[in-house]
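I opened the model to look up surface and charge features. My entries follow in the order I checked them.

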Amino acid sequence: MAVHRKRFRVEDITGGEMPILDVTEEAGPMHSEIMAELRAIRAQMARSSQAALPPSDAVVAQEVADTRALLETYRAQIEQCEKLKVELDLIHDAIDRTKREIATLHGKSFDGGEMAKVNGELGAVVGGTEQATQQILEAAESIDQAASAMSKVQSADQQKRLADDIQERVISIFEACNFQDLTGQRISKVMSTMKFIEQHINAMMEIWGGVDAIKAHVPAHVDTRSEDDKLLNGPKLAGDVGHASQDDIDALFD
């Protein structure tokens, strides 16, 4: 139905009439929208007030515990990184010292001149020994022949000549035996080079933990020689195992 509106004095004075508005159709929707907006504002204010409340003691304690656990984890990781750095520094130092030892060996022992000298000395030892042995054998053969001829001749002059020949051959043997002195000098040079190499190799082994640490990485020895080559081991030294005693030899004939 129509809404009766009160007339104001200004309307009576002007003599005009204001149009009568029909608000029956718009009042309902606007009211509902305003109320909905008010409810939304109230809900938002309630959420804001709840968010502004301080957290409880249990929540704070849990956050502190989580933070401490995270810090302990970071601290443990930092300690592990420091230990790893120390180990890496030790490895770097060991590699650097090993490189210096190898450079020393290469510069003073493994270069062409030094190794050629070692090979030359050993070759001279072999050649000198062979020459001296041949000279001694020839002299001994001549002495044997002269001694046999001396027992058959009766002339004093012939015996004297044979005796002089024997004496000359004995002197030749003495001269040939001088190879031992030269051989000793040459072998001493080779031994000094070998000792120099041995010292630096031992130093490198000590850098990496000593002989026991190196033995752990030594592969098993496999003898790939043929049956005949296995018999060519050369004479044994005094401290080597496997020497046959006289009892062992006698046992072969029992």
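Entry 1. Is Met-45 buried or exposed? I found Met-45 exposed, because its relative accessible area is 57% and the cut-offs are under 20% for buried, over 50% for exposed and in between for partly exposed, with a 1.4 Å probe and protein chains only. I noted that this is a predicted model, in which local features need pLDDT of at least 70, side-chain atom pairs count only at pLDDT 80 or more, and totals for chains, interfaces and linings use all residues. Residues are numbered from 1 along each chain as its sequence is written, and side-chain values use heavy atoms, with hydrogens and water left out.

Entry 2. I placed Met-45 in helix 2 (residues 27-51); helices are DSSP runs of H or I of at least four residues, numbered from the N terminus. Met-45 also belongs to a nonpolar surface patch of about 580 Å², together with Met-30, Ile-34, Met-35, Leu-38 and Ile-41. Such a patch takes residues with over 30% relative accessible area and no salt bridge, and joins nonpolar side chains (Val, Leu, Ile, Met, Phe, Trp, Tyr) within 5 Å. The areas come from the Shrake-Rupley method with a 1.4 Å probe.

Entry 3. I turned to salt bridges, each a side-chain nitrogen of Lys or Arg within 4 Å of a carboxyl oxygen of Asp or Glu. The count by this rule is eight.

Entry 4. In helix 5 (residues 156-176) I looked up Lys-160 and Asp-164, which sit four residues apart, about one turn of the helix. Their side chains form a salt bridge at 3.3 Å, N to O. Lys-160 is exposed at 52% relative accessible area, whereas Asp-164 is partly exposed at 31%.

Entry 5. I then took Asp-165 and Arg-169, whose closest N and O atoms are 4.0 Å apart in a salt bridge. About one helical turn separates Asp-165 from Arg-169, because they are four residues apart in helix 5. I read Asp-165 as partly exposed at 26% relative accessibility and Arg-169 as partly exposed at 32%. Elsewhere, salt bridges with shared partners join Glu-121, Arg-186 and Lys-189 into one network.

Entry 6. Which parts of the chain does the pair Lys-189 and Glu-121 link? Their side chains meet in a salt bridge at 3.6 Å, N to O. The pair links distant parts of the chain, 68 residues apart: Lys-189 lies in helix 6 (residues 179-207) and Glu-121 in helix 4 (residues 112-150). I recorded Lys-189 as partly exposed, at 48% relative accessibility, and Glu-121 as buried, at 13% relative accessible area.

How values were computed:
Patches are made of residues with over 30% relative accessible area and no salt bridge: like charges are joined within 9 Å, nonpolar side chains (Val, Leu, Ile, Met, Phe, Trp, Tyr) within 5 Å. Helices (H or I, at least four residues) and strands (E, at least two) are DSSP runs, numbered from the N terminus.
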